[in-house]
Amino acid sequence: LDAVLPLDGWFAVVGIKGKSIKQELVETREEVDKFAATFVSEGRNVFFGCAKYATGESRKQSNVLGIKSFWMDIDCGEGKELVNSATNRPFGYIDQSTGLVELQRFCVLVGLPKPIIVNSGRGLHVYWVLEQTVTRKEWEPVAARLNELCILHDLYVDSSVFEAARVLRIPGTFNFKSDPPLDV
């Protein structure tokens, strides 16, 4: 988290179990770790806001203070290779190995540096860390272009994650979509 988040602002921590969602906006990394541990002990999937927030009031895009990375979510697993009738593209890849090969192909093709990759338990969360924090308004057109490049060059990603208030899984937690749960 320290690598991909700006120094200033509030953290968002989200724990999801079924339809039950708990969300906390906190000021310190210690509080993030405390809530993450509590959520894991409750059997919740645990996520963090990929941006930092101006206040502890909401995780809305309008409250985003700063962003220090670009990210994407590559879904992997049985059935993810099937074509989504709404987009006419696969949902993702049959396995992580295939997803990694396609990510590497994409990075070389569009000239992106090696990213930080988190095994989300099933898929891949991918981050490109910036040297400095940017505003949401600076980040959004570049994120939109990254999404366009994924579509243009057939990298099958979850296009919904190209928004500033997105949450992704916290490394060191568990993906409770499987029994037994998978390490993140």
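Predicted model: local features only at pLDDT ≥ 70, side-chain atom pairs only at ≥ 80, totals over all residues.

Residues are numbered from 1 along each chain as its sequence is written, and side-chain values use heavy atoms, with hydrogens and water left out.

Sheet. I took helices (H or I, at least four residues) and strands (E, at least two) as DSSP runs, numbered from the N terminus; two strands pair if DSSP finds at least two bridges between them. I found an open, antiparallel sheet of four strands, ordered E4-E5-E9-E8. Its edges are E4 (52–53) and E8 (116–119), each pairing on one side only. Two bridges join E4 to E5 (residues 64–74), and I saw lysine 52 opposite glycine 66 in E5.

Salt bridges. I counted a side-chain nitrogen of Lys or Arg within 4 Å of a carboxyl oxygen of Asp or Glu, and the structure holds nine such salt bridges. Glutamate 42 meets lysine 22 at 3.2 Å, N to O. That pair links distant parts of the chain, 20 residues apart. Glutamate 42 also bridges to arginine 44, at 2.8 Å between the closest N and O atoms. Glutamate 42 is partly exposed at 27%, while arginine 44 is buried at 7%.

Helix H3. Here I noted glutamate 140 with arginine 136, four residues apart, their closest N and O atoms 3.0 Å apart. Glutamate 140 is partly exposed, at 29%.

How values were computed
Buried < 20%, exposed > 50% of the residue type's maximum accessible area, 1.4 Å probe, protein only.
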